[in-house]
Amino acid sequence: MTIELTHARMRLVLHALRQEGSGGALLLLHGLGERAPESLPAGLAGWRGPVYALDFTGHGRSTVPQGGGYTAELLMGDADAALAHLGQATVLGRGLGAYVALLLAGARPDRVRGAILCDGPGLAGGGPRPGSPHVALPPAGVVPPDPFALLELARDVRPPDYATSFVRQANQLSRLAQPICVCAVERPDWLRAVAEEPGVERARLPEALVLYGGELLTDC
Amino acid sequence: MPSSPGQPADPEAADVSFPGAGTPDRFRSVDSFGLRLAVYEWGDPAAPVLLLAHGGFDFARTFDVFAPLLAAGGWRVVSWDHRGHGDSAHAALYSWEADVRDALRVLDSTTREPAVFVGHSKGGAVLTQLALSCPHRATHLVSIDGMPSRRRHPDVADHERTRLLAEDLAGWLDHRRRAATLVRKPGTLDDLARRRGRMNPRLSHAWLRYLVGVGARRDPDGWRWKIDPSLRFGGFGPFRPEWHLERLPSLAMPLLGLLGAVQEPMGWDTTPGVLKPYLPPESRIELFGDTGHFIHIERPDAVAKLVLEFVA
């Protein structure tokens, strides 16, 4: 089942991978160039509640806009549209989606019931500071994903102290003791800084799911 | 829907005039990867090109006094409405990178020869990035209070900073949730001029009223600014003003930077002292006393004279 959401001029598709369940919702945010999975990933079987997955703008079945202009903050708005539908959710992000999950955890600390940051495409972004100036023109490519998304979100700048400002906000304003959990093995500068912040949990995915309301399954 | 590029939205607009203001000589549009940008030209089409970029929440027709002065100096002055501004299309997405790319599309549509770049505020910073990205495309760069140096909330304690950031973020996200249905508030021509006057306190009501005539449209319930209602003043993000400053020494072409001495809401509060360590060899900074952020609007003749001498 899919749900259509609106974010400004974008129509976003939210996939309900599992609607039943006794616990809180889990919202999956895919990596750069990916799309929402069509079924519940095996590693998430231990989650007790419903599971949803969002197609970001320019990805999957969501709107592919004209002329580019992507930012991670824009995708945070996408994820916030899903949060508006779900009320509250634990957010699990892969790659680019992990960065967006961090931003959302800091921006909506009362609605995000834990952010789990995992490896995936687009985790590093464009590094901690801008590279040599150049005008980014899109390559030809299969759409979706939008070639502009692949281009612009692989080079968006992610300063470590910008990332940690979202951690501190989540720590200060969330009701959870540990609102951020880092599972990713790759640690670009922003994520290394996040993982070293007080109050940030570092764990494997099964333990991270337990931290926010899942069961520990021995086979994952 | 926006009206056709450059055409007054209503005959009433034709009644609004301002001394020295000149309607562009030519109107056209440029496609930027599926997005239509409205382009305006003043001056001889065979003259060398001067690319002129407006600031955030402005539009090209705010150059209706300044651009004709440059054109009279022997230049083909080309400006455009940034995406979401003026008569350009309202986009789904907005970003700094997209604005720089749009600027290059306008330049590509105009000439392959090196051109003079002149930009105000955000337009100055956008053209600085374009000049750094494509140094072979610019002969001179003029930045009119377009060199950022200010960071937000510089003097607050960390816990207070967190609260301020939280308010910024929640406010922005709440705005995004409403953005699909937002419309600009209607009013009379004078209402819109007065509202803009709150952000442009040094500009005369007569000038702001003129801007309504060329930058707003007349709907059945009143005038509305054409700018995309999903755009929001202020904001947040990873950008650091010092990144802009640190790149200035790399500029390959002469730089003329103009600053106003009076701080005001839309200004960037950059001072000559802040810029000094970052200036490239061929650069000149001019500080205008008793002048705010809109230096070219407050002092059009003086600024045009300086620019024309600089690029001669």
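Two residues are taken to be in contact when their C-beta atoms, placed from the backbone, lie within 7 Å. The model I present today is a predicted one.

Let me begin with the boundary between the two chains. On chain B, 35 residues are in contact with 39 residues of chain A. Four helices of chain B each supply at least two residues to this side: helix 2 (96-110), helix 3 (122-133), helix 4 (158-178) and helix 7 (241-247). Helix 4 gives the most, with 8 residues. By class, the side of chain B that touches chain A comprises 21 nonpolar, 8 polar and 6 charged residues.

I turn now to chain B as a whole. Its secondary structure amounts to 10 helices and 10 strands. The C-alpha atoms occupy a box of roughly 55 × 55 × 40 Å along the principal axes. Among contacts in chain B between residues at least 6 apart in sequence, 72% join residues at least 24 apart.

Finally, the interior. In soluble globular proteins, nonpolar side chains tend to be buried together. Here the largest nonpolar core holds 147 residues, and Leu102(A), Leu104(A) and Leu117(A) touch the most other members. Helix 2 of chain A, residues 96-107, gives the most to this core, with 10 residues.

Which residues does Leu117(A) contact, leaving aside its neighbours within four places in sequence? They are Gly93(A), Ala98(A), Ala101(A), Leu102(A), Cys181(A), Val182(A), Cys183(A), Ala184(A) and Leu191(A). Thank you.

Notes: Residues are numbered from 1 along each chain as its sequence is written. Chains are lettered from A and ligands numbered from 1 in the order in which they are written. This is a predicted model: local features need pLDDT of at least 70, side-chain atom pairs count only at pLDDT 80 or more; totals for chains, interfaces and linings use all residues. Ala, Val, Leu, Ile, Met, Phe, Trp, Tyr, Cys and Pro count as nonpolar, Asp, Glu, Lys and Arg as charged, and the others, Gly among them, as polar. A nonpolar core is a set of buried Ala, Val, Leu, Ile, Met, Phe, Trp, Tyr and Cys residues joined through C-beta atoms within 7 Å. A residue is buried if 20 or more other C-beta atoms lie within 10 Å of its own, exposed if 12 or fewer, and partly exposed in between; C-beta atoms are placed from the backbone.
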